[in-house]
Amino acid sequence: MQLLEERILKDGQILGDNILKVDSFLTHQVDYKLMKAIGKVFAEAYKEAGITKVVTIEASGIAPAAYAAEALDVPMIFAKKHKNITMTEGILTAEVYSFTKQVTSTVSIAGKFLDKDDKVLIVDDFLANGQAAKGLIEIIEQAGAAVEGVGIVIEKSFQDGRQLIEDMGVKVTSLARIAKFEDGKLVFAQADA
Ligand code: G4P
């Protein structure tokens, strides 16, 4: 997605060897016009898939997922990283290990929001090692629903996430793919949409 790649080049900051900071439009402050455009691209890519729900994980997946849901005219559900006192029954969970933070967290979705007839598009902000997407796929499969694809705003192609998700038999659609960081510059690979 050219608009996204241009924005990453304009406003993204490379931190250390492999982290891209995009807090001015995606992970902290949100540019809703860009998110709306992103949502439309995901919806176009999955328009034949009969998507009935969009699923993401808090926090930074919520903005692109909400606009994808708007464009597909379906509900958006975000998995919670912390147990909420109102989530009392029928909770579907998965363990998600973060290589970046070196912690395992339990993520959850109330089972009542997913059923076996659902066709789900997962949307997330970053694909790094793929652990968050893997956990969401496990939760959706516990509900007996089908995962039609994983839509990613920014994929770091030099990490293992795509392979992990494709090995689970799930299609990945990334709007920007970073092949590497070289001499403080970012090199894109061919994106999926
Ligand atoms: P994984 O799910 O692909 O395995 O990711 P990993 O454990 O490596 O990453 C943990 C967190 O760091 C995730 O967010 C992920 O989106 C984020 N992340 C990974 N690489 C980058 C990067 O290059 N830049 C930025 N800005 N974030 C990155 P999270 O902890 O779930 O955060 P949030 O969604 O609550 O903000």
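## Strand β9 and T173

T173 has its place in strand β9, residues 172–182 (strands are DSSP E runs of at least two residues and helices H or I runs of at least four, numbered from the N terminus). With 4% relative accessibility, T173 counts as buried (under 20% relative accessible area, 1.4 Å probe, protein chains only). Its side chain makes a polar contact with the side chain of Y46 at 2.6 Å; such a contact is a pair of N or O atoms within 3.5 Å, and within protein one must be able to donate a hydrogen and the other to accept it, while residues adjacent in sequence count only if both atoms are side-chain atoms.

## About the model

This is a predicted model, where local features need pLDDT of at least 70, side-chain atom pairs count only at pLDDT 80 or more, and totals for chains, interfaces and linings use all residues. Residues are numbered from 1 along each chain as its sequence is written, and side-chain values use heavy atoms, with hydrogens and water left out.

## Around the ligand

Now for the ligand. Its shell holds 7 nonpolar, 7 polar and 5 charged residues (Ala, Val, Leu, Ile, Met, Phe, Trp, Tyr, Cys and Pro are nonpolar, Asp, Glu, Lys and Arg charged, and the others, Gly among them, polar).

Ligand oxygen atoms pair up with protein at several spots: 2.8 Å from a side-chain N or O atom of S60, 2.7 Å from a polar backbone atom of G130, and 3.0 Å from a backbone N or O atom of A132. Elements giving two or more residues to the shell are β2 (19–21), β7 (119–127) and α4 (131–142).

How values were computed:
Buried < 20%, exposed > 50% of the residue type's maximum accessible area, 1.4 Å probe, protein only.
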